[in-house]
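Me: I am new to this structure. Please take one part of it and look at it closely, then show how that part sits in the rest.

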Amino acid sequence: MATRGIQQLQKLRIRYCEHGGSSTAIRSYLQKSPTSNHLIDFATTHPSVQIIIKPRNGHHPYIQGEYLTGQSKQICVKNSSEGRIKEVMSMLVNNSGRKITRLGGLAVRGDCVSVQGVWTPMLDLGKESSFDVKIVG
């Protein structure tokens, strides 16, 4: 996500195991195939993001984004598909890096009392079938 035209994501760290089964999808995502290379396509569309790839044997894979604000978000991608890895990377690019904060209370309350009045169960308007209709013209 860009704030005032500045891309917030600075670094994208990809950590995976070279031998573990939980890193199978991320290893296939990183390998160059004859039809497409996902990582190079991602890097060309986002040139301002520095991509760091390091193997971390014996651990589950994760993708971590570091932002201009100093915050970082880490998402585990163990046993995930390549589609999920693409989704996580695009989500980290589109985030601002800020923590989610609650803005207000549970309900919106106003200072003015409603013009219509308060509804009560004793107000049963459905049983009245005849209304006087006068056309004023």
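Reply: Start with one pair of side chains. E66 and R13 meet in a salt bridge, at 2.7 Å from N to O. E66 belongs to strand β5 and R13 to strand β3 (residues 9–16), so the pair ties together parts that lie 53 residues apart in sequence. Side chains of opposite charge can pair when their charged atoms come close. R13 is partly exposed, with a relative accessible area of 22%. Keep in mind that this is a predicted model.

Now look at the backbone around that pair. Strands β3 and β5 run antiparallel, and 6 bridges join them. Which residue of β5 stands opposite R13? The residue is Q64.

Q64 deserves a stop of its own. Its place is in strand β5. Is Q64 buried or exposed? At 15% relative accessibility, Q64 counts as buried, because the cut-off for buried is under 20%. R13, at 22%, is partly exposed. Leaving out residues up to four places away in sequence, Q64 touches K11, L12, R13, S72, K73, Q74 and L92.

Next, follow β5 to its other partner. Strand β5 (residues 62–67) pairs with strand β6 (residues 72–76) in the antiparallel sense, over 5 bridges.

Strands of a sheet pair through backbone hydrogen bonds, either parallel or antiparallel. Here 4 strands form an open sheet, in the order β4-β3-β5-β6. The pairing is mixed. The edge strands are β4 (50–55) and β6, and each pairs on one side only. From one strand to the next, the twist averages 15 degrees.

Helices join in as well. Helix α2 (residues 38–45) packs on the sheet and touches β3 and β4. The direction of α2 makes about 155 degrees with that of β4. Helix α3 lies across β3, β5 and β6. It runs at about 10 degrees to β5.

How many does the whole structure hold? The search finds 2. E87 and R84 are 3 residues apart in helix α3 (residues 82–94), so about one helical turn separates them. E87 counts as partly exposed, at 46% relative accessibility. R84 is partly exposed as well, with a relative accessible area of 33%.

Last, the whole chain. The protein chain has 3 helices and 6 strands. From the N terminus on, the elements run β-β-β-α-α-β-β-β-α. Of its 137 residues, 25% count as buried. Among contacts with a separation of 6 or more, 68% come from residues 24 or more positions apart. The accessible surface comes to about 10500 Å², and 53% of that belongs to carbon and sulfur atoms.

Key
Residues numbered from 1 in each chain as written. Predicted model: local features only at pLDDT ≥ 70, side-chain atom pairs only at ≥ 80, totals over all residues. Heavy atoms only, no water. Helix = DSSP H or I, 4+ residues; strand = E, 2+ residues; numbered from the N terminus. Buried < 20%, exposed > 50% of the residue type's maximum accessible area, 1.4 Å probe, protein only. Contact = heavy atoms within 4.5 Å. Areas by Shrake-Rupley, 256 points an atom, 1.4 Å probe, with all protein chains shown as cover. Pairing = 2+ DSSP bridges. Salt bridge = Lys/Arg side-chain N within 4 Å of Asp/Glu carboxyl O. Axes fitted to C-alpha atoms, helices over the stretch in contact; angles between N-to-C directions.
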